[in-house]
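I opened my notebook to look up a few spots in one structure. Here it is, before my entries.

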Amino acid sequence: MQTGMIGRHFLCEQDWTNEEIETLMEVAKELKMRYLLGEPVDILRNKTVFMLFFEESTRTRNAFECGITQLGGHANYLTPKGTQVGHGETPEDTIQVLSRMGEAVGVRNTLVGGHDWMAELAKYSSIPVYNMQCDIWHPTQTMADLLTIKEKFHDELRGRKFTISWTSAGNYMRPLSMAQSLVTVMPRFGMDVTLAHPKGFELQPEVLEMARANAERYGGSFNIVNDMDEACEGADIIYAKGWGPIMTVGDDEKRGVEMINENPGWCIDSRRMALGSKDAIYMHCMPADRGVEVTDEVASGPQSVIWDEAENRLHTIKALMAMTMGNTHARR
Ligand code: CP
């Protein structure tokens with residue numbers, strides 16, 4: 001168990017060791033138990049987390065906001081338009097000011113360059129900066145996913161077959177970040193990861209390399225297929241979530257959406273769930289495009305754990321804040 005993490009950023013899972021991530025899991029379980037028992041845990045009394053959202057959110061915003069309230073602190077919701085960020089105030093000036101008032105800042109910016117923007121913020125920050133999802137990673141979601149898998153499989157992760165499959169969600173181009181975080185994190189915990197997508201929907205090559213290296217280092221495995229049925233065969237965890245063909249078309253939304261719609265039928269239904277292991281679970285970070293990414297029968301069915309995953313956003317984000325927020329003002 002790792003202590004001494006006050007002030008640490010959380011921009012990418014890879015920046016934290018397995019021991020640090022396991023600590024977050026343990027703290028989350030402890031906080032979840034206290035939540036279940038109705039015990040107050042106001043360890044962040046009078047502390048403020050700023051939440052700068054370039055885009056909309058249901059789960060991430062409310063997990064941070066409810067989480068800090070339950071820990072005795074306060075959340076301040078910010079947008080570019082509602083701050084001078086929208087007028088081009090630099091990350092350096094923005095964080096120098098926020099660092100003198102609050103104890104942490106989270107940023108969601110999934111546009112191309114979003115990660116660079118928050119990394120620049122972190123460079124000048126004396127308070128922790130949290131990635132609330134960018135164009136490359138979604139680390140607070142994978143922490144909730146990991147906790148959910150641990151709960152459902154009694155902490156026995158080694159050798160579990162984890163499938164992350166693309167879906168035909170074609171109303172807009174979703175970022176690569178969810179799939180990229182999953183393929184790099186799950187092999188670190190001994191899982192055999194299969195990534196499935198049609199040709200043209202590849203992830204970033206350096207991320208695929210990281211997934212392979214993690215599998216080799218930690219004894220998991222990583223492979224890529226272009227067929228959803230093949231990916232579901234024998235899977236213990238079927239995680240199905242769309243993303244845009246960004247490596248093929250860049251930010252050309254019109255062509256990207258056309259390409260998604262040229263690949264219909266990548267949808268999780270009961271037949272595909274039955275291809276998995278007898279205890280297989282269905283996961284999705286949500287919002288799920290019902291009827292396109294997944295049938296109602298699966299999403300609301302007994303194998304679905306999507307609402308547990310969503311609840312675990314709260315407990316894991318509380319753990320993140322509890323571990324990293326503190327009085328960093330004295331050492332600026
Ligand atoms: N899964 C997730 O990040 O949901 P929101 O976009 O609602 O925050």
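In which sense do strand β1 and β3 pair, and over how many bridges? I looked it up: strand β1 (residues 48-53) and β3 pair in the parallel sense over five bridges. Two strands count as paired if DSSP finds at least two bridges between them. Strands here are DSSP runs of E with at least two residues, helices are runs of H or I with at least four, and both are numbered from the N terminus.

A note on the source: this is a predicted model, where local features need pLDDT of at least 70 and side-chain atom pairs count only at pLDDT 80 or more, while totals for chains, interfaces and linings use all residues. Residues are numbered from 1 along each chain as its sequence is written, and side-chain values use heavy atoms, with hydrogens and water left out.

**Entry: strand β3.** I checked its partners one by one. A104 in β3 is the bridge partner of V49. β3 also pairs with strand β4 (residues 129-134), in the parallel sense over four bridges. There, V105 stands opposite V129 of β4. Between β3 and β4 the chain passes through helix α4 (residues 114-123), and this β-α-β crossover is right-handed. That word means that, with the strands pointing away from the viewer, the path from the first strand over the helix to the second runs clockwise.

Next I asked about cover. In a regular strand the side chains alternate between the two faces of the sheet. In β3 (residues 104-109), six of its six residues are buried. Buried means under 20% relative accessible area, exposed over 50%, and partly exposed in between, with a 1.4 Å probe and protein chains only. A104, G106 and R108 lie on one side, V105, V107 and N109 on the other.

**Entry: the ligand.** I listed its surroundings (a heavy atom within 4 Å). Among them are R59, R108, H138 and Q141. An N or O atom in the R108 side chain is 2.8 Å from a ligand oxygen atom. For Q141, the distance from such a side-chain atom to a ligand nitrogen atom is 3.0 Å.

Entry: Is T163 buried or exposed? T163 is buried, because its relative accessible area is 0%. T163 lies in strand β5 (residues 161-165). N223 lies in strand β7 (residues 221-225). N223 counts as partly exposed, because its relative accessibility is 34%. The C-alpha atoms of N223 and V193 are separated by 6.5 Å, though these residues are 30 apart along the chain.

Terms used
A polar contact is a pair of N or O atoms within 3.5 Å; within protein, one must be able to donate a hydrogen and the other to accept it, and residues adjacent in sequence count only if both atoms are side-chain atoms.
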